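Here are a few notes to get you started on this one. Have a look at the model before you read on.

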Amino acid sequence: MRTFEIKEDFLLDGKPIKLISGAIHYFRMTPAQWTDSLYNLKALGANTVETYIPWNLHEPREGVYDFEGMKDICAFVKQAQALGLMVILRPSVYICAEWEFGGLPAWLLNEPMRLRSTDPRFMAKVRNYFQVLLPKLVPLQITHGGPVIMMQVENEYGSYGMEKAYLRQTKELMEEYGIDVPLFTSDGAWEEVLDAGTLIEDDVFVTGNFGSRSKENAAVMKEFMAKHGKNWPIMCMEYWDGWFNRWGEPIIKRAGQDLANEVKEMLAVGSLNLYMFHGGTNFGFYNGCSARGALDLPQVSSYDYDALLTEAGEPTDKYYQVQKAIKEACPEVWQANPRTKQLAALGTFPIENSVSLLAIKDQLMTPQESMYPLTMEAASTGYGYLLYSVQLKNYHRENKLKVVEASDRLHIFTDGQLQAIQYQETLGEELLIQGTPDKETIELDVLVENLGRVNYGFKLNGPTQAKGIRGGIMQDIHFHQGYRHYPLTLSAEQLQAIDYQAGKNPTHPSFYQTTFTLTEVGDTFIDCRGYGKGVVIVNGINLGRYWQRGPVHSLYCPKEFLKKGSNEVVVFETDGVEIKELVFCDQPVVE
């Protein structure tokens, strides 16, 4: 049985080892991509792979667990082992990772509780999850013949809280369910967050997160450890080689040679984990969200991150520059040429069918009715969209209308006519509406989109994490009563229920559908430059969001989502842009 210990050095089978690691998130790519990505990591000169484990992916509904396909963490770890890589796992209930709600499940919001704390209601949910997850990980530990050498207790907790009892309870839960490899925390490399976020007094290994000034940051960590009587090795658990991107902001890049120089400097003082080595994609509705003052700023579907491999897994110039730097710093490492892939432009196909969401809402589902509005979490899974339909009295004159406390983006229709799109600064603005002259009621439809929950910082427990309408809808100066709720999760059942003959109206949120035949498949991108805002679903799989504001105007489609033969693509477009064609291209479209 192999051993891994943390003393003055990392010791593998009793011998000192420098950890050269890269982050690959199994849940941001298809299982077929894992092998190439892991191989390319090893070819870089690495000996370890690191990944988070997102709670909300594996327990999407409370008590319902999923570890299949792209969610099969055990299969990913075994592939890494087959290639001779060690594994660092981060099963902490909070991961940040620019992932929806930092990995916390949306259903937690249905009960009042303090997240990431010893609140008994929160810790009871953590226990329920850990008693399912952790037994799956136990056999993968190096102490059981597997490749896993370390696991994380909590992630950047010093950037959020300082409740050591919470960290201690989490650690004890992990140990109770059989985790016996060394445990660690990861925080920024300055005294305040290290004081708040570590469990150094309980012998939990301390790692830092940074992407430059390696010697200075290592010195801060060394000093912190020395104050607590520790002489541990230095490990940067997230050596940032790029950055994530938000809608409406320029793409962030990091020069390859700058990174290579910094990596060489870091390897001179300790070990590192490149974050990200291969970023992948925020498929579906799993993109995270930043917070800036009063604004929530959602992140794009691509998690390319300007990493060493592109979103599609292709080695970049940065890959080769860092590979060279690693060889110079550690001449004994094994390296090889990385695997490359061919991206495909699979053609252009006309859209065949279109239907208005408002025309088919009652065919898609039976609405949930309540006196006052339900949040997305209360009405459904908490992801995607929620359509609220209300019958207002027509007073045959202008009336004031106001949607109170709603998140994140609203389309407001009266009798099928768009009155406003409200987002960020305009949320909650008062409107003047007037009904159709020959009708005694006004059909009010409000489509609310969850653009992604904040994944980091002071808003993690904030009110805007609950999506949909939290307050209510006011007509004149009173709250209206009587709501029908249509949760739009774009599940397979909903997609199958779409009747494309029920009525086309491109000014409404609409579904666009086409079927086409492919003789060959390949990794590709869908060009969304001519679209407004929405999502693209390929053979039932949600590729993620597109948005005209950029900076990314394409969606990555792995070849595993396509089929030789007949394929179906459905576009759900919310912003009144009529979709006329589907274009596959062999490169991402970015500003």
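The points below go from the inside of the chain to its surface.

Keep in mind that this is a predicted model, where local features need pLDDT of at least 70, side-chain atom pairs count only at pLDDT 80 or more, and totals for chains, interfaces and linings use all residues. Residues are numbered from 1 along each chain as its sequence is written, and side-chain values use heavy atoms, with hydrogens and water left out.

1. Start with the largest nonpolar core, which has 136 residues. (A nonpolar core is a set of buried Ala, Val, Leu, Ile, Met, Phe, Trp, Tyr and Cys residues joined through side-chain atoms within 4.5 Å; buried means under 20% relative accessible area, exposed over 50%, partly exposed in between, with a 1.4 Å probe and protein chains only.) Ile-73, Phe-122, Met-150 and Phe-511 have the most contacts inside it. Helix α4 (residues 120-137) gives the largest share, eight residues. Helices (H or I, at least four residues) and strands (E, at least two) are DSSP runs, numbered from the N terminus.

2. Now find Pro-298 in strand β13 (residues 295-298). With a relative accessible area of 4%, Pro-298 is buried. Beyond its neighbours within four places in sequence, its contacts (heavy atoms within 4.5 Å) include Arg-246, Trp-247, Tyr-423 and Leu-451. Asn-245 is 53 residues from Pro-298 in sequence, yet their C-alphas are 8.9 Å apart.

3. Finally, is Met-371 buried or partly exposed? Its relative accessibility is 48%, so Met-371 counts as partly exposed. Look for Met-371 in the loop between β16 (368-370) and α11 (376-379).
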